[in-house]
Amino acid sequence: MFRKILIVNRGEIALRVMRTCREMGIQTVAVYSDADRTAPHVLFADEAYHLGPAPSNQSYLKQEKLLEVLKASGADAVHPGYGFLSENTAFAAAVIKAGATFIGPPAPAITLMGDKTAARQQMIKAGVPVVPGTEEPIEDVSEARRIAEKIGLPVLVKAAGGGGGKGMRLVHKASEFEKTVAQAQREAASAFGDGRVYIEKYLEEPHHIEFQILADEHGHVIHLNERECSIQRRYQKVVEESPSPFLTPEIREKMGQAAVEAARSCGYTNAGTVEFLVDKHRNFYFLEMNTRLQVEHPVTEMVTQIDLVAEQLKIACGEPLSLTQKDVRSTGHAIECRIYAEDARMDFAPSTGVIQALFIPNGFGTRFDGAIQTGCEITPFYDPMLGKLVTWGNDRETALDRMHRALSEFLVAGIETSIGFCDAVVQHPTFRSGQYDTHFYEMYKSDLLATLNDLTPEAARAAALTAAAHQLRQAANGRLISKNKNKQPMNRWLQIRRGEQLQ
Amino acid sequence: MKFVAEIQEQDVHFELAADNGQLRAIQADSGISLDLHMLYPGVYSLILNHHSHVITVRFNSELVVQVDGVSTPVVLKDEMALQLEAMGWESALDRRMGQVLAPIPGLVTQVLKSVGDVVTEGDALLIMEAMKMENELKAPVSGTVQSIHVQSGQSVEKGALILEIA
């Protein structure tokens with residue numbers, strides 16, 4: 001087994017990987033930017049190396065610097081987490097050239113799956129169904145528009161160089177086509193340094209369902225069942241669960257086999273995720289393969305009781321898989337809510353600021369993978385996800401009730417978060433019924449947002465009293481809290497204080 | 001001191017008084033002591049009528065409270081503001097509608113309008129990039145662009161004045 005692992009990431013995923021390393025007796029090396037000197041992953045690690053200024057292109061994406069740290073620390077393996085350099089072939093190759101192990105699939109598999117067009121062609125060859133669309137990135141926009149009209153609108157414009165909803169746009173009208181493609185190209189260029197986009201058919205009542213796979217270097221490939229990821233906003237996942245309430249055992253079996261085939265066909269090793277779109281008739285289509293650990297991997301861990309990071313490390317060490325397909329058992333139900341620093345009432349605009357107070361939920365069947373602490377600042381430099389709250393129950397209903405309880409317990413003071421929005425989803429009758437698809441958010445947007453604006457008169461009264469008392473206290477402390485010149489000047493509060501003789 | 005708090009379109013009327021530093025809320029005829037404890041700066045535990053609430057209060061260009069998982073702005077008016085309103089004076093508290101402020105911190109990637117352009121409510125004014133997502137900033141009102149305070153390529157803080165329409 002490895003002796004020391006360099007984790008070239010930050011936030012909750014760096015901490016997640018380090019936890020397993022420590023359980024396995026492996027030393028951990030953290031890297032950090034100027035903004036992250038006191039971040040939890042740095043505090044947890046055995047060793048820590050400074051990278052550079054806060055922007056990720058001057059720190060977490062700086063390959064030469066990371067390779068220097070690899071050499072200086074003497075780590076024998078590199079774990080990339082997700083995002084940043086996790087799907088960067090050049091980096092994976094450079095790590096191997098430096099004599100260390102890259103904990104992930106072989107470079108050619110990353111290259112293939114990273115190029116959505118090449119991946120698609122490979123899947124067609126391997127007999128895995130794909131969504132109709134352009135096979136090549138768009139070169140001639142008017143030709144692409146003709147193809148889009150032939151496939152039938154709406155179509156999705158997607159980045160060829162990466163995922164995560166960045167560079168992805170939906171086109172409803174032919175007249176919007178050119179403008180939308182240009183927008184997607186700019187966004188893709190900025191997010192991935194690759195502005196190429198392609199188009200594909202938009203399916204009816206689609207479900208986004210993905211299969212976790214594990215593949216060792218001895219030709220064994222297994223899947224660990226699915227995660228239902230249809231609750232999305234802005235094409236980013238918010239709530240995920242396993243098992244999917246939509247799949248039948250027969251279709252699960254078929255999709256699992258297709259996922260294994262997809263991985264096998266490209267010589268894949270390590271952990272990976274094969275994403276499918278499933279339409280309302282339960283036809284499934286290969287969407288993409290993520291050649292890394294997924295954000296939502298804990299959902300699978302909770303139902304299978306398999307530590308996916310531990311499996312990644314064993315596979316990267318050349319060990320054969322310790323289990324076969326028939327050993328994989330899914331028990332009960334798990335659900336994950338992604339807690340973002342964002343304001344649902346402001347169209348999910350990111351929220352930045354200092355976390356003034358933090359109560360993290362706990363209790364039976366409750367897990368929080370995060371890397372936040374009281375006093376830490378959420379900056380605009382990195383992804384706005386604060387962490388993932390996961391609950392497990394014997395059945396779906398218990399898992400959902402438990403999630404509602406855990407969310408009610410969760411307090412992040414000082415910034416806006418998606419906690420209230422997640423609770424609105426979990427409590428929504430359509431979500432509770434399990435009859436939902438990727439249109440859930442658009443369809444029930446007004447219901448969900450109304451829940452966020454639904455205070456009881458008693459709570460409103462409590463809030464009003466506290467706000468007034470808070471203002472009086474601030475005045476008493478002589479602190480100026482108003483930064484806006486147009487708002488009430490502070491000396492009025494001082495007058496009140498004198499009038500009331502508040503101490 | 002009498003207050004009116006506007007919170008989620010409800011008007012909450014109350015009076016706060018203090019005796020020896022202990023705040024009391026006065027309702028109709030009787031006063032109740034506020035069992036309010038500060039847990040952290042801006043974070044309070046309030047027991048009101050035996051109901052336990054954890055409430056946070058912060059100021060972020062407006063006063064925002066978080067209660068029972070709901071985060072919502074609250075507008076507090078004290079006696080003086082109420083009197084000014086009763087006298088028919090504009091309280092000068094309302095932000096001018098045509099001022100477009102940055103809703104998020106980020107990078108201005110494209111300015112779509114110029115000074116003198118006539119815009120209609122909902123028109124895209126500029127594109128900002130934050131946390132790797134492109135966001136269009138739309139005109140809150142119709143009118144003519146009076147001034148633009150940012151350039152493409154510039155980073156802005158949340159709440160920064162970006163553009164004015166009149």
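Mentor: Keep in mind that this is a predicted model. Begin with the largest nonpolar core, which has 37 residues.
Trainee: Which residues have the most contacts inside that core?
Mentor: Those are A:Ile339, A:Leu407 and A:Phe431.
Trainee: And which helices and strands each supply at least two residues of it?
Mentor: The strands are β11 (236–242), β14 (333–340) and β21 (385–393) of chain A. The helices are α12 (396–409), α13 (419–427) and α15 (440–452) of chain A.
Trainee: Which one gives the most?
Mentor: That is α13(A), with six residues. As a general point, nonpolar side chains tend to be buried together in soluble globular proteins.

Trainee: New topic. How many salt bridges are there over all chains?
Mentor: The structure holds 35. One of them pairs A:Arg396 with A:Glu241, with the closest N and O atoms 2.8 Å apart.
Trainee: Where do those two sit?
Mentor: A:Arg396 is in helix α12 of chain A and A:Glu241 is in strand β11 of chain A, so the pair ties together parts 155 residues apart in sequence.
Trainee: Is A:Glu241 buried or exposed?
Mentor: Buried, because its relative accessible area is 0%, and the cut-off for buried is under 20%. A:Arg396 counts as buried too, because its relative accessibility is 14%.

Trainee: What does A:Glu296 pair with?
Mentor: It forms a salt bridge with A:Lys237, and their closest N and O atoms are 2.9 Å apart. A:Glu296 lies in the loop between β13 (284–290) and α10 of chain A, while A:Lys237 lies in strand β11, 59 residues apart. Both A:Glu296 and A:Lys237 are buried.

Trainee: What about A:Arg16?
Mentor: A:Arg16 forms a salt bridge with A:Asp307, with 2.8 Å between the closest N and O atoms. This pair links distant parts of the chain, 291 residues apart: A:Arg16 is in helix α1 (residues 11–23), and A:Asp307 is in the loop between α10 (297–304) and α11 (308–316).
Trainee: Why does A:Arg16 count as buried?
Mentor: Because its relative accessibility is 6%. A:Asp307 is partly exposed, with a relative accessible area of 24%.

Trainee: Last one, the surface. Which residues gather in a patch of negative charge there?
Mentor: A:Glu135, A:Glu136, A:Glu139 and A:Asp140.
Trainee: Where is A:Asp140?
Mentor: In the loop between α6 (116–126) and α7 (141–151) of chain A. A:Asp140 counts as partly exposed, because its relative accessibility is 42%.

Conventions. Residues are numbered from 1 along each chain as its sequence is written. Chains are lettered from A and ligands numbered from 1 in the order in which they are written. This is a predicted model: local features need pLDDT of at least 70, side-chain atom pairs count only at pLDDT 80 or more; totals for chains, interfaces and linings use all residues. Side-chain values use heavy atoms; hydrogens and water are left out. Patches are made of residues with over 30% relative accessible area and no salt bridge: like charges are joined within 9 Å, nonpolar side chains (Val, Leu, Ile, Met, Phe, Trp, Tyr) within 5 Å. Accessible areas come from the Shrake-Rupley method with a 1.4 Å probe; for residues, only the protein chains shown count as cover. A salt bridge is a side-chain nitrogen of Lys or Arg within 4 Å of a carboxyl oxygen of Asp or Glu. Lys and Arg count as positive and Asp and Glu as negative; His and the chain ends are not counted. The place of a charge is taken as NZ of Lys, CZ of Arg, CG of Asp or CD of Glu. Helices (H or I, at least four residues) and strands (E, at least two) are DSSP runs, numbered from the N terminus. Buried means under 20% relative accessible area, exposed over 50%, partly exposed in between (1.4 Å probe, protein chains only). A nonpolar core is a set of buried Ala, Val, Leu, Ile, Met, Phe, Trp, Tyr and Cys residues joined through side-chain atoms within 4.5 Å.
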